[in-house]
Amino acid sequence: MYVAVKGGEAAINNAHQLLADRRRADRSVPAMHLEQIIGQLGLGIDRIMAEGSLYDCDLAALAFKQARGDMIEAIFLLRAYRTTLPRFGYSNPIDTGKMLIERRISATYKDLPGGQLLGPTFDYTHRLLDPELMQDLPVDAPKTREAETGQAPRVSEILAQEGLIENDGDLPDDHQTGDLTREPTEFPMSRDVRLQALSRGDEGFLLALGYSTQRGFARSHPFAGEIRIGEVDVEIDVPELGFAINLGRIRVTECQMVNQFSGSAKSPPQFTRGYGLVFGQSERKAMAMALVDRSLRARELGEDITAPAQDEEFVISHSDNVQATGFVEHLKLPHYVDFQAELELVRRMRAEHDRNRPDGNAGETPNDKLEAAE
Amino acid sequence: MSGASAARSQGKTNSNDVEAHPDEVARKQAMDVLASANANELADAWESWTDRPDVAPLRGPETGLVMIRGRMGGGGAPFNFGEATVTRATVSLSNGQVGHAYALGTDKDKVRHAAIFDALWQDEGTRRAVEEHVVAPIRQRLDAQDKQCREETAATRVDFFTMVRGED
């Protein structure tokens, strides 16, 4: 028999009040404004938007503050919020070739049209803590230099001219672009849905998987063909107008990974590609995404599937940190009844085990004692 | 009134944008700027507008989501990249002119003002004033910001040089 148990209401209310107090912390220290969070902790905001799969700096900053800086909690808040809104439609695909570039580098070509633009990067810093930042000292305005006019073509377009690299990636004309927020996940997946999943996937998880491919698990000889960060227009067809209008701009990071490929039964030797596209300034994530996108194309390219990073179901099923945290963290919720049942079961099994001993000794063996002591 | 329906029917016939009507192109350009404006810029412009007509909401302002698409490899098949908050509004002025606006974000006042200016833009009598007093200054600010960004980025461009060592 199970008797329903209620309780904890007062404890829960008081816990949440305590949470609000701890979040506000020392009242003599000014509270943070969202503008400060957006402006000064911008890369954290970018990560929340990317993995929350919702571009809105203000909401991401609110989530970050509410979550006391807990990224995954903030991402969870943003995901929960998006479910309350109607979907107006789909944008036209963004054109990263027309980006207002803030950073653009290539590890494959030194001299390329548009140049190597370092932008606001941590690269080449010495990773020494800067005590000056403990104070609010004035900061010099950035240097300027006359900008080159004209577009900076994507590096993939340059390589394509020689015919030694595969094209951008096509799907059949009749293919309906998949949307994992609308349709149940099914394996095998088409590359468009995989890219959607990877773009919102956990940075740490994808980083580790990407790293594993470099270390020899599904080795794929990658080069960072190009990384570009900047703002792109978001355009939508408006039925009541009959033409497309801009909704504004978003900042994205794009990574074109170029991989040596010695050929298979399905494809000739050439450079193959992995693609990364992430909200905000998220270079590490875009690179990791591109590595994993490439490794997950093993089946398409006729490669042997030998490593975790090539296992589509394994990668995509575990890349979403909101799903992951939900299942892991549910373990802390009351399981009193489940546990009682298991306790009963283990007691019975133990009794049976002891009864069946040849010496009939129901006492503990030295081995049991050792385990308990440990 | 006739302006709105005319522009709309023009839009329908040209929706495959083979050759968009010049008015449609100009209206799109104005709407693009209005969508990128700051809330304050549009609020101030509306505050200081002479002969403000009565405005009735036809739809919204309401906030929803747009799924932003990317292309695999940058130029290949489309995929769903992630969503963004978008706010939209449709208003009608006392003279019957209807205006629409869409913009990223959740700012309802901003988008309502943008829809009003879209309606005023379509009216031949007020189009010039909207272009000169609202759209032009905002476009100027946006262009200046972009230029500043390009120049700051350009200062971080790497100038490679080679060092020749040895006799030949």
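**Helix α9 of chain A.** I listed the buried residues of α9(A) and found A:Glu283, A:Lys285, A:Ala286, A:Ala288, A:Met289, A:Ala290, A:Leu291, A:Val292, A:Asp293, A:Arg294 and A:Ser295. Here buried means under 20% relative accessible area, exposed means over 50%, and partly exposed lies in between, with a 1.4 Å probe and protein chains only. That makes 11 of 13 residues buried, and I noted the helix as mostly covered. Helix α9 runs over residues 283-295 and spans 19 Å from its first C-alpha to its last, close to the 18 Å expected at 1.5 Å a residue. The expected span is 1.5 Å times one less than the number of residues. Helices (H or I, at least four residues) and strands (E, at least two) are DSSP runs numbered from the N terminus.

**Ground rules I kept in mind.** The model is predicted, and local features need pLDDT of at least 70, side-chain atom pairs count only at pLDDT 80 or more, while totals for chains, interfaces and linings use all residues. Residues are numbered from 1 along each chain as its sequence is written, chains are lettered from A and ligands numbered from 1 in the order in which they are written, and side-chain values use heavy atoms, with hydrogens and water left out.

**A partner for A:Arg294.** Which side chain does A:Arg294 meet in a polar contact of 2.7 Å? I found A:Thr272 there. A polar contact is a pair of N or O atoms within 3.5 Å; within protein, one must be able to donate a hydrogen and the other to accept it, and residues adjacent in sequence count only if both atoms are side-chain atoms. A:Thr272 sits in strand β6 (residues 270-279) of chain A and is buried at 0% relative accessibility.

**Helix α5 of chain A.** I noted A:Ala74, A:Ile75, A:Leu78, A:Arg79 and A:Arg82 as its buried residues. Seen down the axis of α5(A), these fall within an arc of 140 degrees, so they line one face of the helix. The arc is taken from the directions from the helix axis to the C-beta atoms.

**Salt bridges.** How many salt bridges are there over all chains? I have 45 in my notes, with the rule being a side-chain nitrogen of Lys or Arg within 4 Å of a carboxyl oxygen of Asp or Glu. One of them pairs A:Arg251 with A:Glu102 at 2.9 Å, N to O. This pair links distant parts of the chain, with A:Arg251 in strand β5 (residues 243-261) and A:Glu102 in strand β3 (residues 100-105), 149 residues apart. A:Arg251 is partly exposed at 25%, whereas A:Glu102 is buried at 10%.

I then followed A:Asp233 to A:Arg249, which meet in a salt bridge of 3.6 Å, N to O. Here strand β4 (residues 222-238) holds A:Asp233 and strand β5 holds A:Arg249, 16 residues apart. A:Asp233 is partly exposed at 40%, and A:Arg249 is partly exposed at 33%. Shared partners join A:Glu102, A:Glu231, A:Asp233, A:Arg249, A:Arg251 and B:Asp146 into one network.

I found a cis peptide bond between A:Phe187 and A:Pro188, with omega about -5 degrees; A:Pro188 is in the loop between α6 and α7 of chain A. In chain B, a cis peptide bond joins B:Gly60 and B:Pro61 with omega about 5 degrees, and B:Pro61 lies in strand β1 (residues 55-71).

A:Ser53 has a phi of about 55 degrees and sits in the loop between α3 (42-52) and β1 (54-55) of chain A. A:Arg127 also has a phi of about 55 degrees, and its place is the loop between β3 and α6 of chain A. Buried or exposed, I asked of A:Ser53 and A:Arg127? A:Ser53 is buried at 3%, whereas A:Arg127 is exposed at 62%.
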